[in-house]
Amino acid sequence: MISLVNLSKHYPTRTLFDNLSLKISLRERMAIVGPNGAGKSSLLKMIAGQLEPDSGQVILPVSARIGYLPQDLEIVSDRTAVGEVVGGDATLMEVEDEMKRIETRLSDPDFQGDSGYEKMLVRYGDLQTRFGALGGFEQEARARKILNGLNFSSRQMDMRVEELSGGWRMRVALAKTLITDPDILLLDEPTNHLDIPSIEWLEGFLNEFSGSVLLISHDRTFMNNVINGVIELSSGRATVYSGHYDSYLEEKAARQEALETAYERQQGEIARIESFVERFRAKASKATQAQSRLKALEKMERIELDSQEKTVKFKFPQPQRSGNIVVSLKGVTKGFEGRTIIPPLDLVIHRSVKVALVGPNGAGKSTLLRMLAGVMHPDQGSIIPGANVTITYFAQHQLETLDPHHTVLESMESQAPDSETQTKIRSLLGAFLFRKDEVTKKVGVLSGGEKSRLALARMLLVPANFILLDEPTNHLDIASRECLEFALQAYGGTLIFITHDRHLIETVATDIIEVLPGKVTPLWNTPYEAYVAKRRLEAAGQQTTPALTRESEQPGKPQSAKSSHQQKSATNSSTGHERELLKIRLSRIEEEMETITRKITAYEEEIAARVSGQMDYKAKSDVKKIEVKINESRKSLDALTLEWDKLAEMISQ
């Protein structure tokens with residue numbers, strides 16, 4: 001059990017906590033959520049022993065080992081990546097260092113006849129036994145396995161950390177934390193700098209992890225796949241919810257609705273009492289009753305509504321209509337240092353599509369986006385923009401291009417057209433939470449989230465009908481991400497974007513372009529869920545679905561001769577032996593669907609049995625956990641149904 005007892009932390013301008021108490025069971029996987037400045041990172045630091053509360057105490061299990069990953073820890077080391085990760089286990093390193101010292105001493109010829117030789121030999125044997133018990137002999141293999149999961153190549157594992165970029169150094173820091181095999185794992189924004197395959201690997205690692213996990217994240221999908229509870233920090237208080245993040249949102253909304261109903265009822269009662277007192281306090285016959293009610297009013301415990309968190313609110317300005325073809329790529333290639341990044345590529349982007357570029361880091365997603373934006377030129381081939389196309393490009397390192405010496409207002413004015421009024425600029429900044437004197441803050445003192453909001457605000461100054469976004473959600477909190485999501489859904493132009501936020505891809509993308517090393521594959525009219533199902537099939541070594549591995553036709557859009565030929569070949573291939581394989585796979589899917597359906601029925605019956613009796617807190621918590629299982633099962637059933645439909649269609653051709 002982790003116990004937080006009456007924690008208080010005060011700063012001159014604000015109070016983070018005031019007598020905050022909380023108990024967290026071991027083996028829990030909890031997310032800490034709340035508005036910026038609520039104290040999420042500070043709470044993790046207190047549990048990790050890196051920040052002292054003003055009062056109160058943190059009580060941890062005796063001898064509990066803690067692994068802590070701060071938000072932006074960047075390792076600087078001349079060791080190799082794998083060497084740095086192996087060195088992450090301080091206890092193991094102490095044992096190994098002592099073994100090395102003893103080895104040096106034992107190898108000294110002058111010492112071998114010493115009376116202490118035998119004693120030191122025994123000590124060395126004890127250390128070897130302990131080293132093995134701590135997993136020392138397998139430590140390098142474990143380090144390489146973790147780094148491989150975080151998408152390190154063998155070459156990168158053996159590179160010195162100082163030679164790696166900042167994002168890869170962050171991954172080393174994460175691997176160094178995970179290898180320690182702690183009892184309690186504290187992670188502050190662990191998915192920052194990770195691509196989607198690495199995030200999925202981390203989800204699997206955490207789901208198999210035997211200890212407790214406390215994490216802070218702005219990635220909804222990641223939290224839904226990992227956590228079983230939420231700790232919400234707000235106004236110095238902590239409220240615990242069971243279930244994953246979506247369950248938390250539903251329960252919070254239900255609690256808020258109940259609170260507002262109770263508040264309105266109480267306000268009505270207060271108004272009636274005050275009216276009675278006002279009318280009858282001067283009448284002798286009613287004065288006693290009036291005084292009694294006045295005292296009751298003074299003793300009444302008032303219901304208070306939490307102040308609503310300020311959120312970003314914006315939409316992209318309506319752009320002029322572009323031509324049907326927004327951009328064409330013909331024979332485009334790009335390479336660096338003799339390595340091909342983008343192979344010969346023919347591609348046509350049509351108006352109004354919303355395309356997510358997916359694939360591992362380093363495969364060429366940002367390179368392709370830069371070429372589409374015109375900030376990088378191909379080695380060969382041509383990129384031809386369509387008629388009336390206006391482009392806005394949000395680069396991955398956009399925040400670094402902001403002048404730190406400008407004020408927020410000056411940064412906006414430097415980007416605005418001459419015709420733009422300061423009133424409109426201030427209004428736009430207000431929508432991004434820069435209000436009143438905040439517009440005079442220097443860019444250099446802004447937080448990462450504030451810089452991201454400013455960079456997004458600058459994008460809206462000039463309407464564009466072709467938007468290119470490279471990791472626009474970095475440093476944005478969940479509320480700001482949701483606002484960006486709604487704005488992109490409502491946007492009437494053409495969009496191509498890169499993000500590791502799977503929720504954003506699921507809700508916005510109409511099409512997928514998969515970018516793998518040396519291979520670019522458009523998957524038109526393919527939702528992200530279908531793409532993920534295809535990847536899982538490939539990972540499981542199953543027969544891939546031709547409808548998702550070829551360049552799908554865009555309805556109502558011209559198709560190249562090559563694409564038509566590929567489609568014909570794919571159709572012809574679904575005969576004979578391969579048709580039989582498809583039927584076998586279809587039969588297996590039907591069996592899986594039936595199994596999952598039976599599970600869902602059993603879960604629902606279990607919930608019905610529980611809610612028919614008395615519901616204490618534990619029973620409600622159990623019901624929430626079962627509901628999570630039902631939701632997960634339904635998602636699996638939906639994915640299988642989608643795959644079944646595609647296979648059935650292919651068999652019928």
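Predicted model: local features only at pLDDT ≥ 70, side-chain atom pairs only at ≥ 80, totals over all residues.

**The largest cavity and its surroundings**

Author: The largest cavity is lined by His218, Arg220, Ile478, Arg481, Glu482, Glu485, Asp501, His503 and Leu504. Two elements each contribute two or more residues to this lining: helix H16 (478-490) and helix H17 (502-508). Of these, H16 supplies the largest share, with four residues. The volume of the largest cavity is about 70 Å³, and a search of the whole structure finds five cavities of 30 Å³ or more.

The protein chain has a mean pLDDT of 81, with 88% of its residues at 70 or more. Among its elements, strand S16 (residues 494-498) has the highest mean pLDDT (95), whereas helix H20 (residues 561-573) has the lowest (37). Across residues 543-575 the pLDDT is below 50, although this stretch has 53 contacts in the model beyond near neighbours in sequence.

As for nonpolar packing, the largest nonpolar core comprises 54 residues, and Phe152, Leu206 and Leu215 have the most contacts inside it. Apart from this core lies another, of 49 residues, including Ala356, Leu469, Leu488 and Tyr491. Leaving aside neighbours within four places in sequence, Leu215 is in contact with Met30, Ala31, Ile32, Leu187, Phe222, Met223, Val226 and Ile227.

Arg169 lies in helix H7 (residues 166-178) and counts as buried because its relative accessibility is 14%, under the 20% cut-off. A polar atom of the Arg169 side chain lies 3.3 Å from the backbone oxygen of Val161.

Terms used. Residues numbered from 1 in each chain as written. Heavy atoms only, no water. Core = buried A, V, L, I, M, F, W, Y, C linked by side-chain atoms within 4.5 Å. Buried < 20%, exposed > 50% of the residue type's maximum accessible area, 1.4 Å probe, protein only. Contact = heavy atoms within 4.5 Å. Polar contact = N/O pair within 3.5 Å; in protein donor to acceptor, adjacent residues only side chain to side chain. pLDDT = per-residue confidence, 0-100. 1 Å grid on protein atoms, 1.4 Å probe; cavity = no way out; pocket = protein on both sides within 12 Å on 5 of 7 lines; lining within 4 Å. Points joined across faces, edges and corners; volume = space filled by probe spheres on them.
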